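Hi everyone, thanks for coming.

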Amino acid sequence: MCNLVIGKLKIKTGVPVFNYSITKLANFPIPMADLVSHPDEVRVVSRRFGQGAANLDRYLELDGYKAVQKALAMEPDSIINEVKNSGLRGRGGAGFSTGMKWSFVPKQSAKPKYVLCNGDESEPGTCKDRLIFEHDPHSVIEGVMIGALAVGAKSGYIYIRGEYRYLLEIMQKAIRDAYAKGFIGKNIFGSGRDLDIYWHGGAGAYEVGEESALMESLEGKRGIPRIRPPFPAVVGLWGGPTVINNAETLANVPHIILGGADWFAKLGTPKNGGTRLFCLSGNIAKPGVYELPMGYNLKRMLYEVGGGIPNGRKLKAVVPGGASCPCLTAEEVDVAMDFDSVAKAGSMLGSGGVVVVDDAQCIVKFALRTMKFYQHESCGWCIPCREGTDWIKKTLMRFHAGGGMKKDIDNIQYLAENMLGRTFCPLGDAAAMPTIAFVKKFRKEFEEHLDGRPCPYEKAGAEELVHA
Amino acid sequence: MKFSDEFEARFAEMVPHYPTKRSALVPTLLYAQDEVGFLSDEVIAEIASRLDLTELEVRNVISYYSMLTTKPRGKFNVQVCTNISCMVRGGEDILHHCAKKLGIGHKQTTPDGLFTLEEVECIGACSWAPAAQVNYDFHENLTTEKMDRILDEYKKKATQ
């Protein structure tokens, strides 16, 4: 029992306010088909999954909206410092320090400032924000609110991809409920401050997950990236300073404010605070979204948490952080899953999408499917990406179909290397990086396709892709 | 051009959320498409005039987003994901199975106007692959048998 004094407010609560020593919750009280659990999990972002927290009253029972009240009594700079010290880094893929990003927003601005939640989750292999929106939508709202208090914004937008219609509806209800209670809108929690949160729906575009394209999309335009500088923190939505964070990043923020930067930082490894929602998918016995501490060993994740490779197959490769990350071979998976360790191993932690590939899969085909995706999603704005993805895709198609020439292998790598760092936005890099890794690490498999030989992995009678 | 009351309520709620009118364009187009089935010339003209845009500006946006279409689709849009996580778990088999069963290919519609088939990029169901969406409903951990049952159920729904 405790009385929490927050600013001018006194909140009397019937339950211990916050006991973050108990981060390992037991099984979910409500059985959910899409949820999995493992004893190694440390539940922070997912602690309310399966607890019915999309309901506002239930969310309040589970420490809901306490963090934002605490933040209201804090100086903006101390909020930013807390987030900086927590070691929270962007969960969308780039892994940039969230507190640092917030600190780039100018204190004084003639134009309104904004916080924008990126819920355009579309990196192949990633399905974590979906669970946050479904099970804990208010934590995202609260995260946006705290971000807005930290940078001095009066409006926040939560952008959810068009395919996630049911989640947009959950979010719309959550926002409506929070308005009805007076948690958002005018004079929030009697603080004299106004803060509006709005929802926004997309209509199908991977590219829009890139921060500047996201702003274009929200402004009702084609999702084409903007040239930087100026960065969004200075010139963003409608020309105003804008903070853009991934949904998982923002969902972590209330926990940091309540649990403290030290607690959060200690959950992970140095400079990699907290946990991550890892989406295990592909050829793995127990696929699912698991919340594990930053720095968790990938090999253990695959064999202990994920239950290993099914059907008596062997591991061939792992894409550790979504389709844009260079693959790791079976020999390279003994790596700590934090931003710096995975970077040292030559890949990226990315968006937490761990795609497992067994030895029955053809890497050339895998590379082709990856490139087909990037070619489809390239916005066509800049030439290296538009032409590069198309050229590599066509080469890989011919190659996989048995029309490959020896020089194609080097040419694919040459094309990809010439896209790297030469595009307006990271989509070009995202297409190039995995391709280079496939060619470098699995050159032998490419060579097995030469001289008109059929793909050694193709099932007899398998048809080609329905459309190219 | 008349939309439902629900659409009008949502549109009226949405527009004041933004400092510029056109910001409401993308979600408005999708909600309009949900009602009409596709973005017809009439819908485009109506939305353009409501948001103070030219029809060309609206078409320019439509052509960018993969969910928006100016061509009529079937009542049920069957969108099968074949991206990497789904591919390694048999997503292509699901797609080919649907193509065979429905007798149509990518972005084609059955003669009875019930089904459109589409091969789509990642729909965010990677841990529950292979997966497909029929309109907005997710169907996950698919097998060809399960897909059969799903398609049959939609067909039954349409004839009831």
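Chain A is split into three pieces: domain 1 covers 38-267, domain 2 covers 275-358, and domain 3 covers 363-447. Please keep in mind that what you see is a predicted model.

Let's look at how two of those pieces sit together. The centres of domain 2 and domain 3 of chain A, taken over C-alpha atoms, are 22 Å apart. Where they meet, nine residues of domain 2 of chain A are in contact with 11 residues of domain 3 of chain A. On the domain 2 side of that contact, seven residues are nonpolar, two are polar and none is charged.

Now the chain as a whole. Chain A has 17 helices and 13 strands. Its radius of gyration is 23 Å, close to the 23 Å that the globule rule gives for 468 residues, so chain A is as compact as a globular protein of that length.

Next, please find two helices for me: α14, residues 383-403 of chain A, and α15, residues 406-419 of chain A. How do they pack? Their axes are 10 Å apart, at an angle of about 160°. Angles over 145 degrees count as roughly antiparallel, and that is therefore how α14(A) and α15(A) run relative to each other. The crossing of α14(A) past α15(A) is left-handed. From α14(A), the contact residues include A:W391, A:I392, A:L396 and A:F399, while α15(A) contributes, among others, A:I412, A:L415 and A:M419. Sorted by class, this helix contact has 10 nonpolar residues, four polar ones and one charged one.

Finally, let's turn to the partner chain. Here, 51 residues of chain A are in contact with 41 residues of chain B. Several elements of chain A give two or more residues to that side, among them α7 (165-180), α8 (211-218), β7 (275-282) and β13 (353-358). Which element gives the most to the side of chain A that touches chain B? That is α13(A), with six residues; you'll find α13 at 363-377 of chain A.

Terms used: Residues are numbered from 1 along each chain as its sequence is written. Chains are lettered from A and ligands numbered from 1 in the order in which they are written. This is a predicted model: local features need pLDDT of at least 70, side-chain atom pairs count only at pLDDT 80 or more; totals for chains, interfaces and linings use all residues. Axes are lines fitted to C-alpha atoms, for helices over the stretch in contact, and angles run from 0 to 180 degrees between N-to-C directions. Helices (H or I, at least four residues) and strands (E, at least two) are DSSP runs, numbered from the N terminus. Angles under 35 degrees count as roughly parallel, over 145 as roughly antiparallel, 65 to 115 as roughly perpendicular and the rest as oblique. A crossing is left-handed if the near helix is turned anticlockwise from the far one by less than a right angle, and right-handed if clockwise. Two residues are in contact if their C-beta atoms, placed from the backbone, lie within 7 Å. Ala, Val, Leu, Ile, Met, Phe, Trp, Tyr, Cys and Pro count as nonpolar, Asp, Glu, Lys and Arg as charged, and the others, Gly among them, as polar. Domain bounds come from an automatic or database domain assignment. The radius of gyration is taken over C-alpha atoms; the globule rule is 2.2 Å times the number of residues to the power 0.38.
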